Amino acid sequence: MTTNGSDKSAEKHPVELYTGSERPYDPEDLVKVSGREPTPATLEWARRLMAEEGPGPAIERYLP
């Protein structure tokens with residue numbers, strides 16, 4: 001038996017973790033990492049922030 005209490009081994013986790021802007025993301029992702037709920041108003045806020053600051057700097061404000 002494994003440490004997760006089953007006869008099968010636990011799921012493998014990704015070897016490489018991603019943070020910041022090295023992968024594409026959309027306004028809904030930005031809203032969620034900022035701790036807000038995706039609503040039309042917050043999605044518009046995210047679109048505006050991404051347009052003003054660029055996608056990289058906008059998400060890196062909330063992610064390392």
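The points below go from the overall fold to the core and then to the surroundings of one tryptophan.

1. The model is a predicted one, and everything that follows should be read with that in mind. The protein contains 3 helices and 0 strands, so that, by the way such elements are assigned, the order from the N terminus on is α-α-α.

2. Of the 64 residues in the protein, 23% are buried. The accessible surface amounts to about 5,100 Å², and carbon and sulfur atoms account for 53% of that surface. When contacts between residues at least 6 apart in sequence are considered, 43% of them join residues at least 24 apart.

3. The largest nonpolar core consists of 9 residues, namely Tyr25, Leu30, Val31, Trp45, Ala46, Leu49, Met50, Ala58 and Ile59. At least two residues of this core come from each of helix H1 (27–33), helix H2 (40–53) and helix H3 (55–60), while the largest share, 4 residues, is supplied by H2.

4. Leu49, one of the core residues, deserves a look of its own. With its neighbours within four places in sequence set aside, Leu49 is in contact with Leu30, Gly54, Ala58 and Arg61; of these partners, Leu30 and Ala58 are also listed in the core.

5. How many aromatic pairs does a search of the whole structure find? The search returns 1, and this pair is formed by Trp45 and Tyr62 in an edge-to-face arrangement, with 6.4 Å centre to centre and 70 degrees between the planes. Because Trp45 lies in helix H2 and Tyr62 in the segment after H3, the pair ties together parts that are 17 residues apart in sequence.

6. Not counting residues up to four places away in sequence, Ser34 touches Trp45 and Tyr62, the two residues that form the aromatic pair.

Note on methods: Residues numbered from 1 in each chain as written. Predicted model: local features only at pLDDT ≥ 70, side-chain atom pairs only at ≥ 80, totals over all residues. Heavy atoms only, no water. Core = buried A, V, L, I, M, F, W, Y, C linked by side-chain atoms within 4.5 Å. Buried < 20%, exposed > 50% of the residue type's maximum accessible area, 1.4 Å probe, protein only. Contact = heavy atoms within 4.5 Å. Areas by Shrake-Rupley, 256 points an atom, 1.4 Å probe, with all protein chains shown as cover. Phe/Tyr/Trp six-rings, centres within 6.5 Å; stacked < 30°, edge-to-face > 60°.
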